[in-house]
Amino acid sequence: GTTWSDLAGANNGTLTNMTDNFNQDDKGSLSFDGSNEYVIVDSPWTSSGGSLFVWFKGSSGVMCGSYGGSGNKRSPTIFINSGNLKYEFLNILSGNTISTFLANTWYNVCLTYDSSFNTKVYLNSILTNQATASSDTFWSSETIGRYGNFGSNFFNGNVSSYICYNRALTASEVLQNYLATKGRYE
């Protein structure tokens, strides 16, 4: 079909240019070929805080993210660039490296932010980055598999789990979620 169903029932995704993209390896994932495939969901992000918890593997491109226009106002964005796993959020510009990146290896990234836009990024449950953004622009949609409305930077890889929360998860909650799911990817 053309719908990626939200288990909570509140925010289904619309699959674009994706036919026969379900990969049964690792108990199921969506496969993106890096050319023109993506998913659009209504934006779950608010100024009161939120968290993105995602499992993926790939080789290049933007796994998720949207751009809000002037002032470098970005949604939680995770991407691969020059052998590095990177992130962006609001006015925190690109170039924030989470870690070096090994192609086709499963990674878990959790990006959290609170109502003051204090942002924390965890890689496989380990805190790797902290920063504070100074913006409050939010978006009408979130894109998985490319960078927002741009027709480039398509993701080449797999996304198995994409979970959004309407609050900042604590470090212990990030660890709990990671431990509860990591056996699937080992």
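Between which two strands does the loop that holds Ser125 lie? Ser125 is found in the loop that joins β11 (118-123) and β12 (126-132). The model discussed here is predicted. The chain contains 1 helix and 14 strands, and buried residues account for 47% of its 186 residues.

**The chain as a whole**

- Among the contacts in the chain with a separation of 6 or more, 61% are between residues 24 or more positions apart.
- The accessible surface of the chain is about 8,500 Å², and carbon and sulfur atoms contribute 44% of that surface.

- Ser125 counts as buried because its relative accessibility is 12%, and the cut-off for a buried residue is under 20%.
- Apart from residues up to four places away in sequence, Ser125 touches Asn108, Val174, Leu175 and Tyr178.
- Tyr67 belongs to the loop between β6 (49-64) and β7 (74-81).
- With a relative accessible area of 28%, Tyr67 is partly exposed.
- Tyr67 and Thr143 are 76 residues apart along the chain, and their C-alpha atoms are separated by 9.6 Å.

**The nonpolar cores**

- In soluble globular proteins, nonpolar side chains tend to be buried together.
- The largest nonpolar core in this model has 32 residues; Phe56, Ile78, Leu85, Val109 and Val159 have the most contacts inside it.
- Several strands give two or more residues to this core, including β4 (29-33), β5 (38-42), β8 (84-90) and β14 (156-165).
- Strand β6 supplies the largest share of the core, with 5 residues.
- Leaving aside neighbours within four places in sequence, Phe56 is in contact with a number of residues, among them Met63, Ile78, Leu85, Trp106, Val109 and Val159.
- A second, separate core of 9 residues includes Trp55, Trp106, Val174 and Tyr178.

**Aromatic rings**

- A pair of aromatic rings is described by the distance of the centres and the angle of the planes.
- The whole structure contains 10 aromatic pairs.
- In one of these pairs, the ring centres of Phe56 and Tyr107 are 6.5 Å apart and the planes lie at 35 degrees, so the pair is tilted.
- Phe56 lies in strand β6 and Tyr107 in strand β10 (residues 107-114), so this pair ties together parts that are 51 residues apart in sequence.
- Phe56 and Tyr107 are both buried.
- How are the rings of Phe101 and Tyr107 arranged, stacked or tilted? Their centres are 4.9 Å apart and their planes are at 25 degrees, so this pair is stacked.
- Phe101 counts as buried at 9% relative accessibility, and Tyr107 counts as buried at 7%.
- Phe32, Phe56, Phe101, Tyr107 and Phe155 form one aromatic cluster.
- Arg146 lies over the face of Tyr38, at 3.7 Å from the ring centre.

**Cysteines**

- A disulfide is a covalent bond between the sulfur atoms of two cysteines.
- A search of the whole structure finds 0 disulfides.
- Cys164 is in no disulfide, because the nearest cysteine sulfur, that of Cys64, is 8.0 Å away, and a disulfide requires sulfur atoms within 2.5 Å.
- Cys164 is partly exposed, with a relative accessible area of 29%, whereas Cys110 is buried, with a relative accessible area of 0%.

Technical notes: Residues numbered from 1 in each chain as written. Predicted model: local features only at pLDDT ≥ 70, side-chain atom pairs only at ≥ 80, totals over all residues. Heavy atoms only, no water. Buried < 20%, exposed > 50% of the residue type's maximum accessible area, 1.4 Å probe, protein only. Helix = DSSP H or I, 4+ residues; strand = E, 2+ residues; numbered from the N terminus. Contact = heavy atoms within 4.5 Å. Areas by Shrake-Rupley, 256 points an atom, 1.4 Å probe, with all protein chains shown as cover. Phe/Tyr/Trp six-rings, centres within 6.5 Å; stacked < 30°, edge-to-face > 60°. Lys NZ or Arg CZ within 6 Å of the ring centre and 35° of its normal. Core = buried A, V, L, I, M, F, W, Y, C linked by side-chain atoms within 4.5 Å.
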